[in-house]
Every structure is written in structure tokens, then in C-alpha cells.
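Hi everyone, thanks for coming. Have a look at the structure on the screen, and I'll walk you through a few spots in it.

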Amino acid sequence: MDQFTLNLLVVGATFALYVGIAIWARAGSTAEFYAAGQGVHPVLNGMATGADWMSAASFISMAGIIAMSAAGGYVQSAYLMGWTGGYVLLALLLAPYLRKFGKFTVPEFIGDRFYSNGARLMAVICLIVISVTYVIGQMRGVGVTFSRFLEVSTDTGLYIGAAIVFAYAVFGGMKGITYTQVAQYIVLIIAYTIPAIFISLSLTGSFLPQLGLIGGYAPQGGDITLLGKLDEVLRELGFTAYTADTTGMFNMILFTMSLMIGTAGLPHVIIRFFTVPKVADARSSAGWALVFIALLYTVAPAVGAMARLNLTTTFWPSAATGNALSGEAVALSDIESNPSLSWINTWRQTGLLAYNDRNGDGRIQYFNDAPLQAVNTAVANATTAFTDARTAAGLAATTDLTAEEAIQVNGEVNANLQTLQAALQTALDARAARFAEVTYGGRTVAELGWVGNELTRVDNDIMVLANPEIARLPGWVIALVAAGGLAAALSTAAGLLLAISSAISHDLIKGTLNPGISEKGELLAARISMTFAIALATWLGLNPPGFAAQVVALAFGLAAATIFPALMMGIFSKRVTKEGAILGMLVGLVFTSVYIFLYLGWFFIPGTAVYANTTANHFFGISPLSIGTVGAALNFIVAYVVSMVTKAPPQDVVDLVESIRIPKGAGKAQAH
Amino acid sequence: MSTSSSSKAYWAANIRIIIISMIIWFACSFGLGIILRPALSGIMVGGADLGFWFAQQGSIYTFLILIFAYAKIMNNLDRAHGVEE
């Protein structure tokens with residue numbers, strides 16, 4: 001059976017399973033649609049939360065971000081700590097109280113606690129901005145996975161994905177989504193861990209990737225640790241060591257914090273805790289969610305380190321058992337003929353990987369050429385200027401630009417060409433001087449005969465998607481990774497779409513526009529808004545606004561700066577007033593988005609950024625990714641100060657706060 | 001709901017447990033994983049230094065223990081104050 005048929009079978013089988021679950025778990029009431037009837041077992045809810053939470057970014061991109069980081073793999077630990085530490089905040093500070101509150105949506109709590117429809121509306125706006133930006137990335141993930149593994153266009157893949165989500169989200173609501181997510185979790189965790197176990201066995205002899213990461217490097221008999229080996233190989237090739245310390249500790253702290261607070265403030269994650277039967281279950285359910293998330297998150301850094309080492313030893317075969325530079329780089333003829341290297345050209349066709357034999361030696365040298373980039377660019381620019389001037393003067397292409405004839409027009413020396421040739425010569429001399437000075441493994445670039453890095457592109461996503469092929473695992477594992485990537489993207493998309501549709505049907509329509517709507521009418525409104533949300537997400541997926549990673553920054557930054565502080569103050573303070581909460585959210589929203597827009601462009605429109613997005617330009621070295629922490633702090637301060645000078649909340653609100661602090665008497669959620 | 005002395009004591013106890021938990025939460029991730037890493041680089045956990053291990057493995061395990069411990073302690077506290085469901 002060929003790989004394509006296998007992929008089709010495995011992905012088709014998982015899709016049939018999801019649709020089957022959707023038919024079995026149709027929602028009959030708004031309670032079932034919004035909160036799965038509050039009857040989901042904490043362990044199952046934890047699994048569903050895991051799938052809901054782990055998006056295409058966690059499954060496909062995260063290990064690669066850690067593996068390929070230019071500043072070393074350690075610095076990217078912020079993702080690992082940030083995206084798990086948020087669950088501690090959820091379990092301790094939010095989940096049990098919001099479950100006790102016993103209603104369906106995040107804006108509903110904010111509206112009731114801050115006794116104002118304005119606060120509720122403000123929360124709806126934040127929720128929709130956060131969730132819509134997040135859902136675009138998921139839809140793209142679905143499209144890309146489809147196009148790579150199932151040989152359809154990205155757009156067709158998107159339509160198929162949207163149709164599947166439509167089937168179980170619109171009919172099943174939270175109930176259908178929850179049980180489908182349980183199945184999706186099982187698919188994605190198997191798909192992620194199987195390749196990791198095989199690779200850990202071959203590199204470290206350890207069955208558990210978590211132990212392999214800190215284990216010995218098996219191909220050298222365990223005399224050197226895996227991380228030590230990786231550091232050594234990377235340093236030899238001029239890269240930053242994998243375990244190198246951060247050069248921006250303050251920013252790393254703020255970034256980790258921003259991801260933690262952002263996680264705890266993401267509405268589609270918070271609403272998961274409305275689905276469990278009791279307050280005590282909300283506490284433990286956060287723990288179960290983290291158990292299932294940790295299964296992937298503790299494997300991911302091992303996948304990252306091992307994939308980076310595998311990639312490097314693929315291009316420097318002698319690095320597998322010794323020094324990279326004691327042997328030659330991989331030969332082009334080998335890449336074409338050796339079946340164990342066929343993945344390189346497979347992925348080259350997708351554009352996610354690119355190589356270019358710049359020095360024409362028939363081998364691909366992979367190294368960090370940052371020290372050579374300036375002189376190479378200078379030579380390239382000088383060459384272009386010179387050849388352009390020659391073309392303008394009507395001269396034919398010449399192979400030797402440094403020759404005397406190269407500046408002659410009709411036998412006469414041309415002054416302009418002469419100047420440009422001199423400039424080229426200066427650039428060439430500077431490059432030669434640089435090449436004689438920069439060394440790799442004790443030899444100069446000139447001695448090695450290198451020109452620059454020849455593995456010109458390695459997309460982060462390859463580290464997970466190509467993992468089974470790099471490790472030469474059987475075809476069904478490759479098919480499973482395709483199904484896993486789709487499960488991760490679809491489950492997150494469904495959770496986000498539910499958060500959006502419930503904010504529209506429950507908070508906007510029932511809460512504000514038409515409070516008298518019947519339960520049947522509200523259920524219909526929920527389904528219609530879900531359909532619109534899917535259509536919008538599909539359209540945005542087809543026409544992405546040209547930013548992928550940035551939207552994640554915005555979603556987390558905003559969740560951290562708006563929703564989390566409002567919820568926390570609503571629970572832990574009886575004194576915070578509606579004016580304080582609304583102004584706090586507004587300041588958090590405006591400050592955070594403006595800071596992000598300053599560096600990434602107004603509304604992400606290319607070319608409108610005020611400052612270049614470099615560390616030197618950041619205020620106090622704080623990158624736009626980390627600004628959510630500052631936004632959250634401002635939100636807390638503004639809310640506190642404003643509350644002190646405004647009229648205290650009424651007694652019924654004080655009673656509400658006291659009642660949510662005590663588990664007794666939670667019962668089922670009421671539809672008012 | 002009345003602000004009985006028992007429910008006040010329950011809430012005060014809860015806040016105390018939360019603060020202790022948050023200190024552990026901060027210490028394992030921001031403390032050992034980031035701020036103290038350079039100072040503790042000599043201590044190894046297998047093939048990784050302590051800070052690296054806490055940043056990529058240890059803090060996640062600590063978070064897990066922390067959440068389940070909090071859930072267990074709070075269930076006991078709920079019963080002791082008669083506020084369980």
C-alpha cells in the first residue's frame with residue numbers, strides 16, 4: 001500500500017470516528033450546547049481540555065521552535081513553562097469559583113460581578129478578538145496538513161476541515177465537541193509520542209523521551225550526554241550552544257509570565273471548567289488537564305533536542321560518532337540516491353526545506369554563517385551594481401568581472417565602470433580577509449573552501465512533521481502524524497468556535513438584545529452564530545492577513561491584559577467596582593495592542609510598523625510577545641485606583657462574591 | 001449567604017494555602033528555571049544542569065503535584081468547615 005492510500009485511510013478513519021461521536025452526542029438543550037449538561041467526568045474533561053488547549057502550534061510547531069532557536073533551545077523553555085504554568089493559576093485562582101458561579105460564559109460572569117452590561121460587552125469584544133485571531137492559525141494548520149499528506153490544495157483541505165468541524169460543533173455543541181476532543185486527544189498523543197519513543201531509543205537507548213533528554217548519547221556508548229553532544233556539535237558549526245543561558249533574563253521572565261496569565265485568561269479554556277459536575281471537580285479537572293498536556297509537553301523538549309541532533313548529523317555524517325568537521329558534509333549524490341535521505345527532497349518540494357550548493361563542491365555545508373553574512377552581502381551588492389552598469393552600457397555578460405576588459409566600452413575605459421569595479425574589488429578583498437580570519441573547528445573558512453550556509457531554509461514545523469521519516473519509521477506512523485496534526489488543529493478550532501458562538505448567542509442576543517428569547521430560540525441562535533463563526537474562520541483561513549506567529553502574541557497578550565485580571569479581581573476583591581473593571585480592561589486592551597502594533601504594524605498591515613522589531617528597539621528589552629504581563633499589571637493598578645474613588649459595589653454583588661467563594665450549593669447551572 | 005465567622009475562617013485558610021502554592025509555583029519555574037540557573041549551573045540532573053531541567057521538565061511536574069495537592073487540601077478544608085457539596 002502506498003503512503004498516500006495509508007494517509008487517506010488513517011485520516012478517513014479518524015474523521016469517521018469524530019462524525020460518529022457527533023451523531024451520538026447531539027445537544028438537546030442550551031445547557032448541553034454551552035456546558036455539556038455539566039455532566040462530564042473530570043478525567044474525560046481533562047482529556048478534552050488537553051485537546052482543546054493543544055493547538056496546531058503545540059503539536060506541529062513548538063518542538064521545532066525549541067530545536068531551531070538561534071539563541072539556543074533553553075531560551076524557548078518559556079513556552080514549556082508558560083503554557084503549563086497557566087493551569088496552576090486556573091486551578092487555584094479561577095476554575096472552582098467560576099464553576100460555583102454556575103453559568104455558561106466568561107462575559108456573563110464579568111457582567112454579573114461588575115453589575116453592568118458595559119463590562120459584559122467589553123468582555124465580549126475581548127473574547128471575540130482573542131478567539132478569532134487564534135482560530136485563523138488553526139484553520140491554516142488544517143489546510144497545510146491536508147496539502148502535505150493528502151495531496152489536495154491547501155484551500156480544499158480547509159473546506160474539508162471546516163465541514164468536519166461544522167458537523168460536530170453545530171449539532172453537538174459543547175457536548176459533541178467535548179467527546180470528540182477526547183477521541184482527538186488520544187489520536188494526537190499517540191501520534192506525537194510513538195516517533196519520539198523510537199528516536200529516543202536510537203539516540204539514547206532510553207524508552208522514555210523524558211529520560212532520554214537527560215541521558216547519555218548511545219552512538220558513542222553513553223560517554224557523553226545527549227545535551228553535551230548536541231552543544232559540542234552546534235558549537236563546532238558556529239551555532240549558539242543548545243543549553244546556552246539567556247541574554248535577556250528580564251524579557252524571558254515577562255514572556256513566561258505573559259504566556260501563563262494568557263493561558264489562564266483564554267475564554268475557550270476557561271469554559272471547559274463549566275462542564276464538570278462539582279466545584280471540587282473543577283479543581284481536580286485542571287490537574288487532569290495538565291496531566292494530559294504534560295504528556296506532550298515533557299516529550300516536546302526531547303523531540304526538539306533529538307531532532308536538532310538528527311538533522312545536524314544527517315548533514316555532517318561524521319558528527320554522529322565524532323567531530324562534524326573531521327569528515328565531509330553530506331554529498332548531493334547521496335541526498336538523491338540514498339533512501340534514508342529521501343525525506344530531504346520530499347520536504348524540499350513543499351518549500352519548508354531548501355538547500356543550495358553555493359560553493360559548487362557537490363556537498364551541502366550546514367553551519368551558522370552569521371559572521372560571513374555582512375561580507376557576502378557586500379560582495380553581492382557590489383556585483384549587482386557593477387553588472388547592472390555593464391548591462392546599461394550595452395555590454396554582454398562576462399565571467400570575470402575583475403578582468404581589465406570588464407570595464408572597457410568599445411576599447412575605451414569607462415570611468416563609472418572603473419569605480420564600480422574598484423568597489424567590487426574592495427568588497428572581494430574584505431571578504432577574503434574575513435574568510436581567512438573566521439574559523440570553524442580550528443580551520444579558516446578559506447581553508448575549508450566554504451562560502452556560506454547551504455541549508456538555506458529549515459522550517460520549524462519539519463521537526464515534528466518529518467520526524468517519522470527522518471527516523472525511518474513505518475508508513476502508518478507517518479499517517480498517524482498527519483491525523484494527529486489534524487486532530488490538534490480541529491479540536492482547538494472547535495473549542496474557539498464554541499466560545500465565539502456562545503458569546504454571541506448568550507451574551508449579545510440573550511443577555512443584551514433580546515432577553516425574552518426562548519430556550520429553543522437561543523439554541524437556534526447559538527447554532528446560527530456557530531455557522532457564521534465557521535464561515536468567517538474559513539474565509540480568514542483562505543485569506544490570511546499575512547501574519548502567523550504574531551497573532552498568537554496578540555491573543556495571549558490580550559487574554560493576559562484583559563480577561564484574567566478582571567476575573568481574578570472579581571473573585572478576590574469585593575471592592576472592585578464596575579468603573580474600575582471596565583477602565584482596567586480598556587487600559588489593558590489598548591496598551592497591549594498598541595505596543596504590539598508599534599513593532600508589528602497597525603492591525604498587522606505590513607509596512608506600518610513604527611519601530612523595527614529588534615531587541616535594541618524594545619522598551620527595556622521587552623518584546624511585543626512579553627508585553628501582556630505589563631498590560632495585566634496596568635489593568636490591576638487602574639482597576640484598583642479607580643475602584644477606590646468610586647462608589648462601592650451594591651450588596652447583592654458582595655453577596656454574589658461571598659457565595660462563589662464557598663463550594664456548597666453549586667448544583668446545576670441555571671438558564672436564569 | 002451570611003458572613004459567618006466560619007466562612008471567614010474558611011476563606012482566610014484558602015488564601016493562606018493559595019499564597020504558599022503560588023510561592024512554590026514561582027520558585028520552581030521563575031526561580032530555579034530562570035533566575036537561579038546561572039548560580040546553580042554546577043548541580044546536574046542526569047545530563048542537564050538543574051536550571052535547564054527545571055525549565056524543560058521539573059517545573060511541569062511540580063505544577064502537576066501542586067494542583068492535585070491543592071485539590072486534596074481544599075477538599076479536606078471544605079469538609080472541615082462543612083461547606084462541601
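I'll talk about some helix contacts, then a cavity and a pocket.

Quick housekeeping. This is a predicted model, where local features need pLDDT of at least 70 and side-chain atom pairs count only at pLDDT 80 or more, while totals for chains, interfaces and linings use all residues. Residues are numbered from 1 along each chain as its sequence is written, chains are lettered from A and ligands numbered from 1 in the order in which they are written, and side-chain values use heavy atoms, with hydrogens and water left out.

Okay, helices. Two packed helices are described by the angle between their axes and the distance between the axes. Axes here are lines fitted to C-alpha atoms, for helices over the stretch in contact, and angles run from 0 to 180 degrees between N-to-C directions. Helices are DSSP runs (H or I, at least four residues), numbered from the N terminus.

Let's begin with helix α8 of chain A, residues 154–204. What angle do α7(A) and α8(A) pack at? About 120 degrees, with the axes 7 Å apart; α7(A) is residues 117–149. That makes α7(A) oblique to α8(A). On the labels: under 35 degrees counts as roughly parallel, over 145 as roughly antiparallel, 65 to 115 as roughly perpendicular, and the rest as oblique. The contact (heavy atoms within 4.5 Å) includes A:M139, A:R140 and A:F146 from α7(A), and A:T154, A:L158 and A:I160 from α8(A). By class, this contact has seven nonpolar, five polar and one charged residue. For those classes, Ala, Val, Leu, Ile, Met, Phe, Trp, Tyr, Cys and Pro are nonpolar, Asp, Glu, Lys and Arg are charged, and the others, Gly among them, are polar.

α8(A) also meets α4(A), residues 56–68, with axes that come within 11 Å and cross at roughly 25 degrees. So these two, α4(A) and α8(A), are roughly parallel. On the α4(A) side you have A:S58, A:F59 and A:A63, and on the α8(A) side A:L188, A:A191 and A:Y192. Five of the residues in that contact are nonpolar, one is polar and none is charged.

A cavity, on a 1 Å grid over the protein atoms alone, is a set of points where a 1.4 Å probe fits but cannot get out; a pocket is an open set with protein on both sides within 12 Å along at least five of seven lines, and lining residues have an atom within 4 Å of a point. The whole structure has one cavity of 30 Å³ or more. The largest cavity is about 50 Å³, and α8(A) gives the most to its lining, four residues.

What gives the most to the lining of the second largest pocket? α8(A) again, with four residues. That pocket holds about 260 Å³. Of its 14 lining residues, A:L203 and A:N310 are among the closest to the centre.

Last one, across chains. α5(A), residues 77–101, and α1(B), residues 5–35, cross at roughly 175 degrees, with axes that come within 11 Å. That makes them roughly antiparallel. Among the residues that meet are A:M81 and A:Y97 in α5(A), and B:W11 and B:I34 in α1(B). This contact has 11 nonpolar, four polar and no charged residues.

Thanks, that's me done!

How values were computed
Points joined across faces, edges and corners; volume = space filled by probe spheres on them.
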